[in-house]
Amino acid sequence: MSWDIYGNPLARGHCEVHPHVHEEYPCYVCMAEKQQRQQRDQQSEAEYYMQMEIDNLKRDMAEYKKESSDKTGKILKMNDVLWGVLAMIDESWGASSDAEIALVDDIKAILKGGE
Ligand SMILES: [Zn+2]
């Protein structure tokens, strides 16, 4: 006799994590959950690096603004980078979470300020 993860007897050929599923572990529900987890992990990792990148850009931007106007070229270049980041967010998953929406707002604010 085998047991599911909740300590209940498990019928032969059923998933131990999802005892109601008549499929051995890992069943299709396991696979779907695993995929969801991976997607979430990848997304939050991407968000983390993106946020770091934005923070760096913001700092650089503030520095350039403090300096004289001959840095305009650099600011223009920076705007290109920011537009690139916006396009990247759009292409990869769109701004769905609060963090992403805040990020996009941030970038747009910087782009407005840099004009
Ligand atoms: Zn399962």
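Leaving out residues up to four places away in sequence, Leu-86 touches Val-104 and Ile-107, where a contact means that the C-beta atoms of two residues, placed from the backbone, lie within 7 Å. Leu-86 sits in helix H2, which covers residues 72-92. Between the C-alpha atoms of Leu-86 and Ile-107 there are 7.5 Å, although 21 residues separate the two along the chain. Leu-86 counts as partly exposed because 16 other C-beta atoms lie within 10 Å. On this scale a residue is buried with 20 or more other C-beta atoms within 10 Å of its own, exposed with 12 or fewer, and partly exposed in between, with C-beta atoms placed from the backbone.

Before going further, a word on what you are looking at. This is a predicted model, in which local features need pLDDT of at least 70, side-chain atom pairs count only at pLDDT 80 or more, and totals for chains, interfaces and linings use all residues. Residues are numbered from 1 along each chain as its sequence is written. The predictor's confidence in each residue is given as pLDDT, from 0 to 100. Its mean over the chain is 80, with 83% of the residues at 70 or more.

Now for the overall plan. The chain has three helices and two strands, and from the N terminus their order is β-β-α-α-α. Helices (H or I, at least four residues) and strands (E, at least two) are DSSP runs, numbered from the N terminus. Of the 115 residues, 4% are buried. Among contacts with a separation of 6 or more, 33% join residues 24 or more positions apart.

Tyr-6 is found in the loop between strand S1 (2-3) and S2. Tyr-6 is exposed because it has 9 C-beta neighbours inside 10 Å.

Is Cys-15 buried or exposed? Cys-15 is buried, because 20 C-beta neighbours fall inside 10 Å. Apart from neighbours within four places in sequence, Cys-15 contacts Val-21, Glu-23, Glu-24, Tyr-25, Cys-27 and Cys-30. The C-alpha atoms of Cys-15 and Cys-27 are 6.0 Å apart, and the two residues are 12 apart along the chain.

The loop between S2 and H1 also holds Pro-26. Take a look at the peptide bond from Tyr-25 to Pro-26: this bond is cis, with omega near -5°.
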